[in-house]
Amino acid sequence: MNEERHQGYLTLIQSLLTWDTDEQTAILQANLELLDDDFARYLRDWATQTMEKLDADQAYNRAKILYNLNQRFSSLQQGSRASNIEIAIACLDIGLTIFTREAYSEDWARFQNSIANAYSDRIKGERGENIERAIAFYEAALQVYTRDAFPQDWAMSQNNLANAYRDRIKGERGENIEKAIAFYEAALQVRTRDAFPLDWAQTQNNLATAYYNRIKGERGENIERAIQLFQAALQVYTRDAFPQYWALIQNNLANAYSDRIKGERGENIERAIAFYEAALQVYTRAAFPQYWALIQNNLANAYSERIKGERGENIERAIAFYEAALQVRTRDAFPLDWAQTQNNLGEAYRNRIKGERRENIERAIAFYEAALQVYTRAAFPQQWAMTQNNLANAYSERIKGERGENIEKAIAFYEAALQVRTRDAFPLDWAQTQNNLGEAYRNKIKGERRENIEKAIQLFQAALQVRTRDAFPQDWAMTQHNLGEAYRNRIKGERRENIEKAIQLFQAALQVRTRDAFSQDWAMTHNNLALAYYSRIKGERGKNIERAIRLWEAALQVRTPTALPIDCLQTGRNLGNLGFAESLWETAIFGYEKAIEAVEQSREWITSDNRKREIIEENLDVYEKMMQSCINHQQYDKALQTIERSKSRYLVELFTNSEIYPKTATDTEKQQLQNLRRQIAASQQLLETETPSPPPLSPPLTKLCLTHIFLNKIRLDIWGGMGGN
């Protein structure tokens, strides 16, 4: 440590000891560059050298000042949060050399409670160990703070001990939360609304948070209980009287409504957004930067899940909110918060609709990997396991790299997550990863396909042991859907029965996945149910096909080209392929038109000309079958429009050179189409040699009078570079 900095530390300490409490915060804010871990170490060394020289009264007063300084450092919003807490702990450790239990039992207990608070919030060190130390300090305080002797302090320590158990990592999660609830309820025996309204409101809020996180009991009821308790706290924590606490509970209420099971899902999320926005009226960036960033992150979560509005725009807004949060949540200042938002950004990019899908997934992977720099298994096992699960999701969907290897990586990440996400400790998380691992095995390329699907079925069924319809209807419906897909693709067993089972499972999922509540999920299940009906063996074939058509047409009401282009392409292609295979040309044209619109929307969101061309090439089958369907349906103008839309030399050559004819065409009509092709070829040759005008088309082909416009487009868009829009 250089002498200049050494002197700066000493001057700061002397200033803090000299000035009264009101001035200490201003002094700290003026010396933020000195508030680092070295300052905490210097403070301890300085105390060792100076405290023993003080008489009893001086030492007592010095310890009181250190207690106040601990409060200043603990609440300081500026600078490094991690270092501020380390300095607060140093202040308390020094004070406890004076305030021993034997000499100053009440002050000793107060310091025990405060140092427990500091370890509860500590960023440095191993999170699990920090919370265990906090619990030990709270329990130590309770040796003095008995209910009979110090009822108010006893109740405060019960509340704080509950907070520690609510956040505890060691031990069984469900039991820890039950202990927390018991401690909160004990505190409320003293902290009544009449006697201690502010303390009562604080514990109501904390008890609500425990119910929000509760594992035991019925999830829907736990969240309803949490909402009631938050609302009770607001009877005291009004905006006029306690704006900061009011804003905190607005945030907490928003969290509860975001996850609410009862009521209409879309409305619950809208209410959550309204609560977050209300909190931001108080939690401005200037006044409360850390809380402002918290709300930005949470508001982004809500927009990520939002049902109302356009899905693509909602995710873009979420990304903007996450990026705003990271202006405050830097890795140096708030590493845990930074890691949380990195993970959340990964989720947003994984689900992003705008932009190029493969690049979005690569960015998602990068964000998850960044989060894991902080979320290590040793320090934050629960968050580490969550991010392992999310990273696995990204590899399951990855486009870059070899598909089989990506799925193998995903399986490895899921299995890693399950080392922490056990059924006993984290049943909901365990069930989520069981479901996701089932999807990975269903799509697995390596190994024996038949066995992979059987493994997937086992994993989905395991997830449903926790994901019951009553407790977790949305999750139950997701796994019903996934299990339906597994049975639809199942190799073992009797094919006819497997498809019937798949249909039953999809229909079960739709009991929860209604269009009003979960429109995107509803459309996905309609898409897959249509696949099942199209391949159905039982029943009358014509009726099964009609049912499949209706289901795909319904799905396309949600899976529109502008809102969900990737999903629209999938469903449009499915419907078009059915029509093509069954010679239902109007159906084929309708489906392929939607698919082509989706391709064009995807191309609009991409800036790379190379990638735009690749998207066309990847979907040439859609354009080709659309053109064939139009010809078969004798919609020649639409066939030409399809070629023009593709911006592809391949389809121009396909139309002019191949032997594609309507299946019902007469010899005369075939001859007419062949004549048209020869005339287009001649016109093309004239255009390329800059001949002023092509020869006129023969009268029987007047339906194709737009050909010359098409040829001009060829000259401008295709022969001139093929870049497209």
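Leaving aside its neighbours within four places in sequence, with which residues is Thr 433 in contact? The tour begins with this residue, and the answer is given at the first stop. The model on display is a predicted one.

**The whole chain**

Of its 725 residues, 55% count as buried. Consider also the contacts between residues at least 6 apart in sequence: 61% of these join residues at least 24 apart.

**First stop: Thr 433**

Select helix 20, which covers residues 427–442, and locate Thr 433 within it. Show the side chains of Asn 389, Tyr 414, Ala 417, Leu 418 and Arg 421; these are the residues in contact with Thr 433 once neighbours within four places in sequence are left aside. Arg 421 deserves a distance label, as its side chain makes a polar contact of 2.9 Å with the side chain of Thr 433. Is Thr 433 buried or exposed? Its relative accessible area is 0%, and Thr 433 is therefore classed as buried, the limit being under 20%.

**Second stop: Glu 175 and Ala 425**

How far apart are the C-alpha atoms of Glu 175 and Ala 425? The separation is 8.9 Å, although the two residues lie 250 residues apart along the chain.

Two packed helices are described by the angle between their axes and the distance between the axes. Select helix 4 (residues 56–75) together with helix 5 (residues 81–95): they pack at an angle of about 165 degrees, and their axes are 8 Å apart. Helix 4 is therefore roughly antiparallel to helix 5. The crossing of helix 4 past helix 5 is left-handed.

For the contact itself, show side chains on both helices. On helix 4, select Ala 63, Leu 66, Tyr 67, Leu 69, Asn 70, Phe 73 and Ser 74; they meet Arg 81, Asn 84, Ile 87, Ala 88, Cys 91, Leu 92, Ile 94 and Gly 95 of helix 5. Coloured by class, this contact of helix 4 with helix 5 shows ten nonpolar, four polar and one charged residues.

Select Gln 250 in helix 12, residues 243–258. With a relative accessibility of 6%, Gln 250 counts as buried. Not counting residues up to four places away in sequence, Gln 250 touches Leu 234, Phe 275, Ala 278 and Ala 279.

Continue to helix 13 (residues 265–279) and helix 14 (residues 289–305), whose axes come within 10 Å and cross at roughly 160 degrees. Helix 13 and helix 14 are therefore roughly antiparallel to each other, and their crossing is left-handed. In helix 13, display Arg 265, Ile 269, Ile 273, Tyr 276, Glu 277 and Ala 279; in helix 14, display their partners Ile 295, Asn 298, Leu 299, Ala 302, Tyr 303 and Glu 305. The contact of helix 13 with helix 14 comprises eight nonpolar, one polar and three charged residues.

How are helix 22 and helix 24 oriented: roughly parallel or roughly antiparallel? Select residues 473–488 for helix 22 and residues 519–534 for helix 24; the packing angle is about 20 degrees and the axes are 11 Å apart. Helix 22 is therefore roughly parallel to helix 24. Their crossing is left-handed. Gln 474, His 481, Glu 485 and Arg 488 form the contact from helix 22, with Asp 521, Met 524, Thr 525, Asn 528, Leu 531 and Ala 532 from helix 24. By class, the residues of this contact between helix 22 and helix 24 are three nonpolar, four polar and three charged.

**Last stop: two loops**

Most residues other than glycine have a negative phi. Select Ser 583, in the loop between helix 26 (565–581) and helix 27 (585–604). Ser 583 has a positive phi of about 60 degrees without being a glycine, and at 36% relative accessibility it counts as partly exposed.

Finish at Gln 634, in the loop between helix 29 (620–632) and helix 30 (636–646). Gln 634, not a glycine, has a positive phi of about 60 degrees. Its relative accessibility is 31%, so Gln 634 counts as partly exposed.

Methods
Residues numbered from 1 in each chain as written. Predicted model: local features only at pLDDT ≥ 70, side-chain atom pairs only at ≥ 80, totals over all residues. Heavy atoms only, no water. Helix = DSSP H or I, 4+ residues; strand = E, 2+ residues; numbered from the N terminus. Buried < 20%, exposed > 50% of the residue type's maximum accessible area, 1.4 Å probe, protein only. Polar contact = N/O pair within 3.5 Å; in protein donor to acceptor, adjacent residues only side chain to side chain. Contact = heavy atoms within 4.5 Å. Axes fitted to C-alpha atoms, helices over the stretch in contact; angles between N-to-C directions. Parallel < 35°, antiparallel > 145°, perpendicular 65-115°, else oblique. Left-handed = near helix turned anticlockwise from the far one by under 90°. Nonpolar A, V, L, I, M, F, W, Y, C, P; charged D, E, K, R; others polar.
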